[in-house]
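Please describe the fold in the model below. Cover the strand pairing, the cores and a few individual contacts.

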Amino acid sequence: MTGSDLDRTPPHRRPAVLAAALLAGLLVAALAGVGYALTRGSGGAATTEVAVVLTRYQGAPAQAIQGIRLVGGPGADLGVAATTPPVAPATTDAGVLRVTAGAYTGVRAEVGGETLQVDAHAVLRAGTLQPLLVAAGDHRMSVFWGNEALNQGLALAAGQLTRAPSVV
């Protein structure tokens, strides 16, 4: 509303028009604040969500996976309780967890009492949801970031996909 519009408003209606404009401004500011808060953790750092999915290699013994941690960058303990995942291609949803956005270089977990770590570079952007598949069993662990990699990782763990040999 411009000054000339306000001048044409009858004097007895001006307080109501100003109150409505003020209320609209406060509502916009509040919604912007909620949007900001949803992408920030309690410490004010930008956050993202990681959907953790667990599976076990075909033929591997049943072993619990726990203590999953993102390493490098800001680092993050995913707080996954001890879970014995089913044999691939079946999966177990270990939860959607909020972490600090940033660049991570690997994943560490305890598999059957043994601590394993693999390089798995990922840049997690604020306000996004990123799936993470952890496939483990028989003294090995693989991790796959993203939807496409998750599907390929499941096929690999289930023995339905083999990696092409490296040619030197």
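In strand β6, Gln 117 is the bridge partner of Arg 108. The pairing behind this joins β5 to β6 (residues 114-124), antiparallel, through 9 bridges. Two strands count as paired if DSSP finds at least two bridges between them; strands are DSSP runs of E of at least two residues and helices runs of H or I of at least four, numbered from the N terminus. The hairpin of β5 and β6 has 2 residues between the strands, and Gly 112 there takes a positive phi near 60 degrees.

This is a predicted model, in which local features need pLDDT of at least 70 and side-chain atom pairs count only at pLDDT 80 or more, while totals for chains, interfaces and linings use all residues. Residues are numbered from 1 along each chain as its sequence is written, and side-chain values use heavy atoms, with hydrogens and water left out.

**The antiparallel sheet**

β5 and β6 belong to an open sheet of 4 strands, ordered β3-β2-β5-β6, with antiparallel pairing. Its edge strands are β3 (76-77) and β6, each of which pairs on one side only. Between β2 (residues 65-71) and β5 (residues 102-111) there are 5 bridges in the antiparallel sense, and Val 71 has Gly 106 in β5 as its bridge partner. β2 is also joined to β3, antiparallel, by 2 bridges; here Arg 69 is partnered by Asp 77 in β3.

**The mixed sheet**

Another open sheet of 4 strands has the order β4-β1-β7-β8 and mixed pairing. β4 and β8 (140-145) are at its edges with a single partner strand each, so one side of each is left without a neighbour in the sheet. From one strand to the next the twist averages 25 degrees, with axes taken as lines fitted to C-alpha atoms, for helices over the stretch in contact, and angles running from 0 to 180 degrees between N-to-C directions. β1 and β4 run antiparallel and are joined by 8 bridges.

The pairings with a listed number of bridges are set out here.

| Strands | Sense | Bridges |
|---|---|---|
| β2 and β5 | antiparallel | 5 bridges |
| β5 and β6 | antiparallel | 9 bridges |
| β1 and β4 | antiparallel | 8 bridges |
| β2 and β3 | antiparallel | 2 bridges |

Gly 95 lies in β4, and Val 52 stands opposite Gly 95. Not counting residues up to four places away in sequence, Gly 95 touches Val 50, Ala 51 and Val 52, where contact means heavy atoms within 4.5 Å. Gly 95 and Gly 79 are 16 residues apart in sequence, with their C-alpha atoms 9.5 Å apart.

Which side chains meet in a salt bridge? They are those of Arg 98 and Glu 49, at 3.5 Å from N to O. Arg 98 is in β4 (residues 92-100) and Glu 49 in β1 (residues 47-56), 49 residues apart, and the pair links distant parts of the chain. The count is 1 salt bridge, under the rule that a side-chain nitrogen of Lys or Arg lies within 4 Å of a carboxyl oxygen of Asp or Glu. Arg 98 counts as partly exposed because its relative accessibility is 45%; Glu 49, at 29%, also counts as partly exposed. Buried means under 20% relative accessible area, exposed over 50% and partly exposed in between, with a 1.4 Å probe and protein chains only.

**Helix α3 and the cores**

Helix α3 (residues 147-157) lies across β1, β7 (129-137) and β8, at about 15 degrees to β7. Its buried residues are Leu 150, Gly 153, Leu 154, Ala 155 and Ala 157, and their cover includes β1, β7 and β8. Gly 159, which follows α3, has a positive phi near 80 degrees.

The largest nonpolar core has 25 residues, and Ile 68, Leu 70, Leu 132 and Trp 145 have the most contacts inside it. At least two residues of this core come from each of β1, β2, β5, β6, β7 and β8; β6 gives the most, with 5 residues. A second, separate core has 11 residues, among them Leu 150, Leu 154, Ala 157 and Ala 158. Such a core is a set of buried Ala, Val, Leu, Ile, Met, Phe, Trp, Tyr and Cys residues joined through side-chain atoms within 4.5 Å.

**Gln 63**

Gln 63 is in the loop between β1 and β2. Gln 63 counts as buried because its relative accessibility is 18%. A polar atom of the Gln 63 side chain lies 3.2 Å from the backbone nitrogen of Asp 138.

How values were computed. A polar contact is a pair of N or O atoms within 3.5 Å; within protein, one must be able to donate a hydrogen and the other to accept it, and residues adjacent in sequence count only if both atoms are side-chain atoms.
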